[in-house]
Amino acid sequence: MTKKILMVCLGNICRSPIAEAVMKQVLEREKLHHEWTVDSAGLGGWHSGSLPDERALSVLKQNGIVYANRARIITPDDFKECDYIFGMDNNNVAQLKRLAPENCKAKVELLGDFGLEESNKIIEDPYYLVGEEPFVKVYNQCVLACRAFAERLKKENTNTLS
């Protein structure tokens, strides 16, 4: 049975689409993609139906990733269907925990808790910042965090098999 990861940020046009695309790529490279699906959503619906910010798409394209999903808002079903829901910053995580129904299946966690140093584990919203550089930083943080999460999955798989 396929497991599911959901990446969440405020509007689903900057950080969470980058995190979704990076996680998909990492899971593919680690040969875990047949076990996991990855999606993203926003906490607010301001951008629902929109493609990600041009700067996010540009940074993904520069790293060989084509992304075509459109923004959507998180739903109650996400908490039932997902195994992991990752917020990009502490406010995202706090809001996700408030929205989570009792006994929800999903583990709500901060993505940056995987593989990022304490001083760098908050994936800041680059939306209001100028240029692509803040989006490059988000991409780089996501690469480290997603790789660390994939390593944990591989260890869990090894432990389950032994």
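## Helix 1

In helix 1, the buried residues are Arg15, Ser16, Pro17, Ile18, Ala19, Glu20, Ala21, Val22, Met23, Gln25, Val26 and Leu27. Buried means under 20% relative accessible area, exposed means over 50%, and partly exposed lies in between, with a 1.4 Å probe and protein chains only. Twelve of the 15 residues of this helix are buried, so helix 1 is largely enclosed by the rest of the structure.

Helix 1 covers residues 15–29 and reaches 21 Å from its first C-alpha to its last, close to the 21 Å expected at 1.5 Å a residue. The expected span is 1.5 Å times one less than the number of residues. Helices (H or I, at least four residues) and strands (E, at least two) are DSSP runs, numbered from the N terminus. After helix 1 comes lysine 31, whose phi is positive, near 60°.

## Basis of the model

This is a predicted model, in which local features need pLDDT of at least 70 and side-chain atom pairs count only at pLDDT 80 or more, while totals for chains, interfaces and linings use all residues. Residues are numbered from 1 along each chain as its sequence is written, and side-chain values use heavy atoms, with hydrogens and water left out.

## Strands and crossovers

Six of the seven residues of strand 1 are buried. Strand 1 runs parallel to strand 2, and seven bridges join them; strands pair if DSSP finds at least two bridges between them. Isoleucine 5 has valine 38 in strand 2 as its bridge partner. From strand 1 the chain crosses through helix 1 to strand 2, in a right-handed β-α-β crossover. Right-handed means that, with the strands pointing away from the viewer, the path from the first strand over the helix to the second runs clockwise.

Strand 1 also pairs with strand 3 in the parallel sense, over four bridges, and valine 8 stands opposite glycine 87 in strand 3. Strand 3 in turn pairs with strand 4 (residues 107–110), again parallel and over four bridges. Isoleucine 85 stands opposite valine 108 in strand 4. The chain passes from strand 3 through helix 4 (residues 90–99) to strand 4, and this β-α-β crossover is right-handed.

## Nonpolar cores

The largest nonpolar core has 38 residues, of which Ile5, Met7, Ile18, Met23, Leu27, Phe86 and Leu111 touch the most other members. Such a core is a set of buried Ala, Val, Leu, Ile, Met, Phe, Trp, Tyr and Cys residues joined through side-chain atoms within 4.5 Å. Among the elements that each supply at least two residues of this core are strand 1, helix 1 and strand 2. Helix 5 gives the most, with ten residues. A second, separate core of 13 residues includes Val8, Ile74, Cys82 and Val93.

Leucine 111 touches Met7, Ala19, Met23, Phe86, Gly87, Met88, Ile123, Cys142 and Ala145, not counting residues up to four places away in sequence. Contact means heavy atoms within 4.5 Å.

## Two single residues

Glycine 42 lies in strand 2 and is buried, with a relative accessible area of 0%. Its C-alpha is separated by 5.0 Å from that of leucine 10, 32 residues apart along the chain.

Lysine 155, in helix 5 (residues 133–161), is exposed, with a relative accessible area of 57%. The C-alpha atoms of lysine 155 and histidine 34 are separated by 17 Å.
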